[in-house]
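Dear colleague,

Please find the structure below, handed over for your study.

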Amino acid sequence: MLHKIKQSKILVIGDLMLDIYLYGKAERISPEAPVPVVAAEKEESLPGGAANVMSNLSHLGCHVFGAGYIGKDETGRILWNKLNDLHINTECIVHSNLSTIHKTRVIANGQHVVRFDFDQNYEQLKEEKQNFIGLLTTLSSYHFDAVIVSDYNKGTINKNVMDTIKSVFHCPIICDTKPQHKDIFHDVWCITPNIQEAKQLFGLEAHTKTSIEIAKKLKQEMNLKTILVTMADQGVMGIDEQDTIFQYPAYIEFNEHNPKTRLDVTGAGDTLISVFAACVAAGIPTQKAVLFSNIAAGIVVKKTGTAVCSFDELISEVEKHENSTPQIQ
């Protein structure tokens with residue numbers, strides 16, 4: 001069943017980033033301030049944000065097209081080369097005069113110490129925005145099997161862009177959106193918020209509602225075909241096209257009180273939406289698609305940093321759990 005995803009053609013639209021990791025050892029405290037001195041040993045750069053979604057899809061064997069912005073800077077050049085090395089179609093990635101969004105994380109003795117964010121707001125772009133919408137329109141002839149919108153609230157996605165996506169592409173549109181943009185994501189096929197984002201999307205009374213009540217209301221109010229809500233150690237809950245409510249437990253055992261438990265959730269949502277979209281694009285039923293994406297996310301959180309789940313890794317784990325059935329609510 002999963003082999004079908006390698007035939008999928010998927011477009012990813014969203015905020016492109018480069019994730020930079022500095023690894024080293026910390027064996028003493030600085031005499032200048034009460035902070036560790038990290039002896040740097042290795043630097044690694046990886047696609048982040050929407051680019052991480054593209055990377056995940058590429059490692060699954062899908063045919064991937066990317067759309068977003070990068071800067072005309074060294075960070076942008078590195079990200080551009082990495083996407084091309086992954087055989088991602090970059091013809092709809094626009095080079096802007098703003099710098100490329102990037103995040104630098106310092107990892108000492110395997111522990112995340114600090115993160116520096118170098119952000120941009122692409123909403124301020126004018127001419128590039130019109131160019132971008134024009135490029136999206138030209139992609140209608142490619143007949144994608146699914147479109148992923150990866151919104152990190154950095155300005156790539158706005159109402160005009162979403163209106164264009166919904167009018168141009170007639171395949172499942174699956175969105176990872178921020179609560180601030182709720183109004184522009186009505187009438188898409190699926191959204192994939194985490195539980196905190198779902199509560200913010202719901203509004204002021206969310207604290208009095210169960211996760212099921214929140215998901216049901218969002219599905220109805222936003223006119224969605226399906227909705228997935230990720231709930232950390234409680235797994236993932238979904239409502240499919242037939243309004244069946246189901247839940248899978250977390251694929252990993254998580255004990256936040258165990259100091260030896262080191263799980264890195266960086267990019268887990270990117271992996272989940274990537275595998276889910278690839279499965280939907282291949283015609284795999286929603287509940288099975290959620291099972292497979294939940295397994296993939298469990299694989300990724302055991303890795304350090306912005307990681308991906310390869311097709312071989314996913315197949316290996318799915319073979320052990322393919323007959324798992326969700327808890328139907």
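Is Lys303 buried or partly exposed? At 25% relative accessibility, Lys303 counts as partly exposed, because that class lies between buried (under 20% relative accessible area) and exposed (over 50%), with a 1.4 Å probe and protein chains only. Please note that this is a predicted model, in which local features need pLDDT of at least 70 and side-chain atom pairs count only at pLDDT 80 or more, while totals for chains, interfaces and linings use all residues. Residues are numbered from 1 along each chain as its sequence is written, and side-chain values use heavy atoms, with hydrogens and water left out.

Salt bridges

The search of the whole structure finds 11 salt bridges, a salt bridge being a side-chain nitrogen of Lys or Arg within 4 Å of a carboxyl oxygen of Asp or Glu. Side chains of opposite charge can pair when their charged atoms come close.

Lys303 forms one of these bridges with Glu313, at 2.9 Å from N to O. Lys303 lies in the loop between α8 and α9 (311–321), and Glu313 lies in helix α9, 10 residues apart. (Helices, H or I of at least four residues, and strands, E of at least two, are DSSP runs numbered from the N terminus.) Glu313 is also partly exposed, at 28% relative accessibility.

Asp19 and Arg105 form a salt bridge of 3.5 Å, N to O. This pair joins strand β2 (residues 16–29), which holds Asp19, to strand β6 (residues 102–108), which holds Arg105, across 86 residues. Asp19 is buried at 4%, and Arg105 is buried at 5%.

In a further salt bridge, Glu221 meets Lys182 at 2.3 Å, N to O. Glu221 belongs to helix α6 (residues 211–221), whereas Lys182 sits in the loop between β9 (173–176) and β10 (190–191). Here Glu221 is partly exposed at 34%, but Lys182 is buried at 13%.

A pair of helices

The axes of helix α7 (residues 268–281) and helix α8 (residues 286–300) come within 8 Å and cross at roughly 150°; axes are lines fitted to C-alpha atoms over the stretch in contact, and angles run from 0 to 180 degrees between N-to-C directions. Therefore α7 is roughly antiparallel to α8, a term for angles over 145 degrees. In their contact (heavy atoms within 4.5 Å), residues of α7 including Leu272 and Phe276 meet residues of α8, among them Val290 and Phe292.

Yours sincerely

Conventions:
Parallel < 35°, antiparallel > 145°, perpendicular 65-115°, else oblique.
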